[in-house]
Amino acid sequence: MHAYSYASPPNRSLFESCRARSSARVTSSALVALCILAGAPFPAAAQSPGAAVVRAIHDRWNGRTYATLTFRQETGFADGRKEIWWESIKSPGMLRIDVAASDADSIQRTILFRRDSLYQWRPGRPVAPGRALVHPLQLLFMDIQWVRPEQTTAKLTAAGFDLSRTHETTWNGRAMTVVGAAAGDSASRQFWVERERMLVVRVIEPGPQPNAPMRDTQVREHLRTAAGAWVEKDMRFYEGLGAQAREQQTELYTQVRTDVPLDDSIFMPGSPPPAWVAAEGLLAADRAFSEAGKDRDVVDAISAMFADDVMAPALRGKFAKGKVELTAVMRQNALNAGARATWTPSRAGVSADGTQGFTWGFMTVRRANAADERLKYLAYWVKGAAGWRVVAYRRTPSAPGGVNSDVQPPAIPAASVAVAVDAAANERHRASLVAAEQAFSDTAQKIGLGPAFLINGRADAINMGGPTDADFVRGNAAIAESVGADSKGSPSPVSWSAGEAAIVASSGDLGITFGIIRPNADASAPGFPFFTIWKRENGVWKYIAE
């Protein structure tokens, strides 16, 4: 977001430093062009013209805009380098920036603006002591809408903005009110307010050193959310003004989400990255494997993301265990010969410790002299030294028909936690998950498959569906209807358990079970291998994908 010289990591150039991003956002308004400088009275008769502008912005948007915001920011520097900044904002006063080299890479450093203080740290290292800092850009683009106008004006005055001076002008074809400078003054601290939408769109400030060029922060473009709010989409940062301006930093914002739950714990110095950042990283890793494999043999493309201990359901009632065996099984399928594939995840979920997660989505397989085939896939991932790798995988055909391939909100915990190194606790988590799977089967023997799937599943759960299903079966109610259609009112005709394996994150909130489904009428039958992905909330395990 917006801030460049306010947080400078060691050995980084001025414009690599953190820039506090805040969101000027507005719902559509029938009252365009508020008469800030056209003689309209303001509540406090003695206030300065600049203070009147501050109050007008606050009164227009306080309580009418969203309180939280997350987004992906592609940050470009003058030397050609790029970084990905994952940003979390909670108004007023809290902004967290988690910096990575690319979408799928681990976080390299974190910058936190918390209630007029700045903190910085790197993973595995102590947090540097915070220092007091009122960030003008955070104040102007975000907090101005939330805190009392008197507080904002006091902070702006202390930061060097002269609120007694204002003038009107146009910029990029729009009417502006400039606060902090008289007409023709380009050497004073000033912020520009677009009068039609009441958005701060430009901030000019002196450089950090005496005689340094002025710094010019510009909002080039906004995007409008589904709720009608405005969020910056394209920000530019210049050193110098006019013909002397040199672009030093660019910021492009995507994957914007508003009014998302953000626990206060993520704004504590030294806290691990937010779960939503881990989920976006997992989605990026999944997409990256697809992109890297699009021109490769389909088996090579898919197996590139497998962990050495991957497991997948195979024929004859067994699992293929390990990358070598699973790859061999895939090559035995004649349909894979000479095929190419691409895939796109529709959803990700991650554990609170950020080490395990899942994705599901759609795949297109291309074969010579044959029509393209659409498939559905489900993968469970573990993050290690090499990054995210798949430890459980399944594909199934997607029947002809419409599907919803839109990216869904991630399945994430309310708060992130550090990875726990406690073997006894991890075993307790695993045992509780194995017991949940067993209880699931036991319940089905008493009340039937459909009811058991209803009470043991989440409202946002998915099932891969049958041969006639184009899309995933979504929601525990629909899944219960689907799996129990042939045995309504009867005990389950099959039994199962997590007899093959179970994996659980150290945070104890996400895990996967592997087992064999066997018909009750013939326990010696080969059965059908399965895996189920579970999420635990408030101490209760429920399936979220299978």
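Reader: Is Y543 buried or exposed?

Author: In this predicted model, Y543 has a relative accessible area of 0%, so it counts as buried.

Reader: And which rings are clustered together by ring pairs?

Author: The cluster that ring pairs build up consists of F440, F453, W496, W534 and Y543. Across the whole structure, a search finds 17 aromatic pairs.

Reader: Take F319 and F514 from that search: what is the geometry of their rings?

Author: The ring centres of F319 and F514 are 5.8 Å apart and the planes stand at 75°, which is why the pair is classed as edge-to-face. This pair links distant parts of the chain, since F319 belongs to strand 17 (residues 319-321) and F514 to strand 26 (residues 510-519), 195 residues apart. F319 and F514 are both buried.

Reader: Back to the tyrosine, then. How do the rings of F453 and Y543 sit relative to each other?

Author: Their centres are 5.7 Å apart and their planes make an angle of 65°, so F453 and Y543 also form an edge-to-face pair. Here too distant parts of the chain are linked, with F453 in helix 8 and Y543 in strand 28, 90 residues apart. F453 has a relative accessibility of 8%, and therefore counts as buried.

Reader: Which other residues of helix 8 are buried?

Author: In helix 8, which runs over residues 449-456, the buried residues are L449, G450, A452, F453 and N456. They lie on the same side of the helix, because the arc they cover around the axis is only 165°.

Reader: What covers them?

Author: The elements covering the buried residues of helix 8 include helix 7 (423-447), strand 22 (457-463), helix 9 (476-483), strand 24 (494-495), strand 27 (528-537) and strand 28 (540-545).

Reader: Changing topic to pockets: what volume does the largest pocket have, and which residues lie nearest its centre?

Author: The volume of the largest pocket is about 1,600 Å³. Its lining is made of 44 residues, and those nearest the centre are P313, R394, R395, T396 and P529. Helix 8 comes back here, as one of the elements that give two or more residues to this lining, and others among them are strand 16 (306-313), helix 6 (323-332), strand 21 (387-397) and strand 27.

Reader: How does that lining divide by class?

Author: The lining of the largest pocket has 26 nonpolar, eight polar and ten charged residues.

Reader: And what about the second largest pocket, how much space lies in it?

Author: The second largest pocket holds about 710 Å³ of space. It is lined by 36 residues, with P272, P273, D353, G354 and K383 the closest to its centre. At least two lining residues come from each of strand 6 (107-114), helix 4 (275-293) and strand 20, and helix 4 gives the most, with four residues. By class, this lining comprises 17 nonpolar, eleven polar and eight charged residues.

Reader: How far apart are H135 and I533 in space?

Author: From C-alpha to C-alpha, H135 and I533 are 44 Å apart, and in sequence they are 398 residues apart.

Conventions: Residues numbered from 1 in each chain as written. Predicted model: local features only at pLDDT ≥ 70, side-chain atom pairs only at ≥ 80, totals over all residues. Heavy atoms only, no water. Buried < 20%, exposed > 50% of the residue type's maximum accessible area, 1.4 Å probe, protein only. Arc of directions from axis to C-beta. Contact = heavy atoms within 4.5 Å. 1 Å grid on protein atoms, 1.4 Å probe; cavity = no way out; pocket = protein on both sides within 12 Å on 5 of 7 lines; lining within 4 Å. Points joined across faces, edges and corners; volume = space filled by probe spheres on them. Nonpolar A, V, L, I, M, F, W, Y, C, P; charged D, E, K, R; others polar. Phe/Tyr/Trp six-rings, centres within 6.5 Å; stacked < 30°, edge-to-face > 60°.
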